[in-house]
Amino acid sequence: MHTRTVRVDAYRRDDGHWDLEAELVDVKPHDVPLQSGVRKGGDAMHEMRLRVTVDGDFNVVDAIAVSDSVPYPGYCEAIVGDYDKLVGLNLVRGFRAGLRERLGERDGCTHLTELAQSLPTAAVQAFAGDQRRQQEMERQANGHGPRPFQIDRCHALRSDGPAVQLYYPAWYRSAQGTSAPRARPASAGSRAADLRSPATPAPADSAASREEQP
């Protein structure tokens, strides 16, 4: 009854900056009556793009938004110029709070602001493929420079958790404030076995589940 597509493409520029181009498209297979008229099935209800340019430290140095399909033509797209307010924010330090402050609710477009929220993790993934950035991240993991931003950003990478103790030992902080022996992650096979009922043997040809770090 409804399909939403969100896509983010990242490009490294010749000047060393990065362009992140994000797109959101909402489509329904049936006609939809709106106050502004009927939107035909298959035509986009929302089609919006947001491009931000960031430097090597994730600072937003340029931003532009476009709304090609909206439910209230002539009104929704009037706000796109305000998305240059993203300039000056940092994607990995307080970005979402700054986004809400500058472009939240009545001060922005719900869908463009939602689209902007996908940029931080997309930028991190883009930077992770850059050799110079990989070297910097390796230094940070070993305790040189600022703490890796992803620590304490999710349950797996809590600073007092076993994953940080294993992969970022320089930044590990136990709950008691003391170091503890490094923990080894459980094997994929043992994790899968824990989920099965004791009365149900595992199929001989079943594959062990794997988990990937995003």
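1. Gln-150 is buried in this predicted model. Its relative accessible area is 17%, and the cut-off for buried is under 20%. Gln-150 sits in the loop between helix H4 (131-141) and helix H5 (162-167). Its side chain makes a polar contact with the side chain of Tyr-168, at 3.1 Å. Leaving aside neighbours within four places in sequence, Gln-150 is in contact with Leu-157 and Tyr-168.

2. Leu-157 leads on to a core. A nonpolar core of 7 residues includes Leu-157, Val-164, Trp-171 and Tyr-172. This core lies apart from the largest one. So Gln-150, a buried polar residue, touches a member of the 7-residue core.

3. Now the largest nonpolar core. It holds 32 residues. Leu-50, Val-52, Tyr-83, Leu-86, Leu-91, Leu-112 and Leu-119 touch the most other members. Elements giving two or more residues are E2, E5, E6, H1, H2 and H3. H3 makes the largest contribution, with 5 residues. In soluble globular proteins, nonpolar side chains tend to be buried together.

4. Which residues does Leu-112 touch, not counting those up to four places away in sequence? They are Met-48, Arg-49, Leu-50, Ala-65, Ser-67, Val-80 and Tyr-83. Two of these names, Leu-50 and Tyr-83, also stand with Leu-112 among the core residues that touch the most other members. Arg-49 on this list also takes part in a salt bridge, with Glu-23.

5. The sheet is open and has 4 strands. The order is E1-E2-E5-E6, with antiparallel pairing. E1 and strand E6 (60-69) are the edge strands, each pairing on one side only. The twist from one strand to the next averages 10°. Strands of a sheet pair through backbone hydrogen bonds, either parallel or antiparallel.

6. Take the E1 and E2 pair. The two strands run antiparallel and are joined by 10 bridges. Arg-7 has Glu-23 in E2 as its bridge partner.

7. Helix H3 (residues 119-128) lies across E1, E2 and E5. Relative to E2, helix H3 runs at about 135°.

8. Glu-114 is in helix H2 (residues 110-116) and Arg-4 is in strand E1 (residues 3-12). The two are 110 residues apart, so the pair links distant parts of the chain. Both ends are partly exposed: Glu-114 at 37% relative accessibility, Arg-4 at 34%.

9. Glu-23 and Arg-49 form another salt bridge, with the closest N and O atoms 3.9 Å apart. The cut-off is within 4 Å, so the pair counts. It joins strand E2 (residues 18-27) to strand E5 (residues 44-54), across 26 residues. Glu-23 is partly exposed at 25%, and Arg-49 is partly exposed at 33%.

10. Arg-147 is partly exposed, with a relative accessible area of 37%. Asp-152 is partly exposed too, at 42%.

11. Two backbone points deserve a look. Phe-58 is not a glycine, but its phi is positive, at about 75°. Phe-58 is placed in the loop between E5 and E6. Glu-105 also has a positive phi, near 50°, in a residue other than glycine. Glu-105 lies in the loop between helix H1 (95-103) and H2.

12. Glu-105 is exposed, at 76%.

Definitions and conventions: Residues numbered from 1 in each chain as written. Predicted model: local features only at pLDDT ≥ 70, side-chain atom pairs only at ≥ 80, totals over all residues. Heavy atoms only, no water. Buried < 20%, exposed > 50% of the residue type's maximum accessible area, 1.4 Å probe, protein only. Salt bridge = Lys/Arg side-chain N within 4 Å of Asp/Glu carboxyl O. Pairing = 2+ DSSP bridges. Axes fitted to C-alpha atoms, helices over the stretch in contact; angles between N-to-C directions. Contact = heavy atoms within 4.5 Å. Core = buried A, V, L, I, M, F, W, Y, C linked by side-chain atoms within 4.5 Å. Polar contact = N/O pair within 3.5 Å; in protein donor to acceptor, adjacent residues only side chain to side chain.
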